[in-house]
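Hi,

Here is the model I promised to pass on. Please have a look at it first, and my notes follow below.

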Protein chains: 2
Amino acid sequence: MSDVARIAFPPPDKTNGKRLAKAVERAGEEFAAKNLRFTKLRQMVYEEIAATYASIGAYEILARLADKGTRVAPISIYRAIDALLEAGVIHRLESKNAFFACRRMDHRTGRRPLFLSCEKCGAVGEVDGQHIFDLIGEAAVGAKFQARVKFVEVQGLCPRCAAGGGKE
Amino acid sequence: MSDVARIAFPPPDKTNGKRLAKAVERAGEEFAAKNLRFTKLRQMVYEEIAATYASIGAYEILARLADKGTRVAPISIYRAIDALLEAGVIHRLESKNAFFACRRMDHRTGRRPLFLSCEKCGAVGEVDGQHIFDLIGEAAVGAKFQARVKFVEVQGLCPRCAAGGGKE
DNA sequence: GACCTTCCGTTACACGATATCATGACGGTC
DNA sequence: GACCGTCATGATATCGTGTAACGGAAGGTC
């Protein structure tokens, strides 16, 4: 597997405690940098999202927290998700109404990623798509359309699953 | 306004009886060409979608049909929508969970359009995006990702609304 | 402490989508 | 005509996604 593929598509369930703790730490830094509060609830929601490489729905997060004894209302999940989105530590998959943790953390570069979502294992990868977003912007300008938000999402098979390596 | 802009963004509510009848006729031909049946219900659902340039949700279609005395269950609307999608006479906006009539009818060319959705008036325009989809395909190949479905959607202001010409 | 802002809990609800099973409409075949 | 297969529709229920509104709690600032 190429480097880019390995980076974009790690095994979806390899949840490593140390890795997760590190991700939480980085998320905390993102919140601090933006003068947002990384509250207990937001951290718990983030941990559920970051615990998997797959995308996860709001009610799935709710269920997993409930399993751990934390019972919250849907609206609370969504509020936490809003904060996490604003902080930039998670992304939203429009085509699936689901969320996943941002692994690139390259907001500084300003280069926007596009999302590759595996239909088999659910893993979501991000690859640089700045040139594509640029082209979309040009297409909008050509139509005299004032673009504000752009979505680019691809569904298919990740390298692991395409090779038959994904879980059945 | 440029030609491309005028074509992509007519006034969202200018529902012309003759134009609609023509659209229904073309839709019927599409169904025939694909050996699908353009049934009464499918035609009614199509008319509601094609009556506006804006995107429209399934339950909005349901409500409008109910206003006209046709009371159907949600599942029936969705089945009709599925058929219309398969025939290619409507498109689905993933980012809004809504549907709109295809105005380009250029399936023959095989060039895929991208969707420009106005946040103010709701109008959805289509412009050629084949080169963008090509690039996305290349990006996927670079990540060893086997792409199957691609979504590209843009939200913003259509020329009319950006110029202050849209309804408030 | 008093104040303000932000976050969270609770309830209820709107909207989007599907599962399941039953009925109807049509064409072909014997 | 009787039978059968296929597809479209109807009816009911349920699930998934997302938000409104209101009040209370937690944490900063003076």
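First, a term: two strands pair if DSSP finds at least two bridges between them. Helices (H or I, at least four residues) and strands (E, at least two) are DSSP runs, numbered from the N terminus. The model is predicted, with pLDDT of at least 70 needed for local features and 80 or more for side-chain atom pairs, while totals for chains, interfaces and linings use all residues. Residues are numbered from 1 along each chain as its sequence is written, and chains are lettered from A and ligands numbered from 1 in the order in which they are written.

Now to the join between the chains. Strand 5 of chain A and strand 5 of chain B run antiparallel, joined by 11 bridges; Val149(A), for instance, has Gln155(B) as its bridge partner.

That pair belongs to an open, mixed sheet of 6 strands, in the order 4(A)-3(A)-5(A)-5(B)-3(B)-4(B). At its edges lie strand 4 (124–128) of chain A and strand 4 (124–128) of chain B, each pairing on one side only.

Within chain A, strand 3 (residues 113–118) runs parallel to strand 5 (residues 146–157), with 4 bridges between them. Here Ser117(A) has Gln155(A) as its bridge partner.

What does each chain give to the contact (C-beta atoms, placed from the backbone, within 7 Å)? Chain A gives 38 residues and chain B gives 38 residues. On the side of chain A, strand 5 gives the most, with 12 residues.

Best wishes

How values were computed. Contact = placed C-beta atoms within 7 Å.
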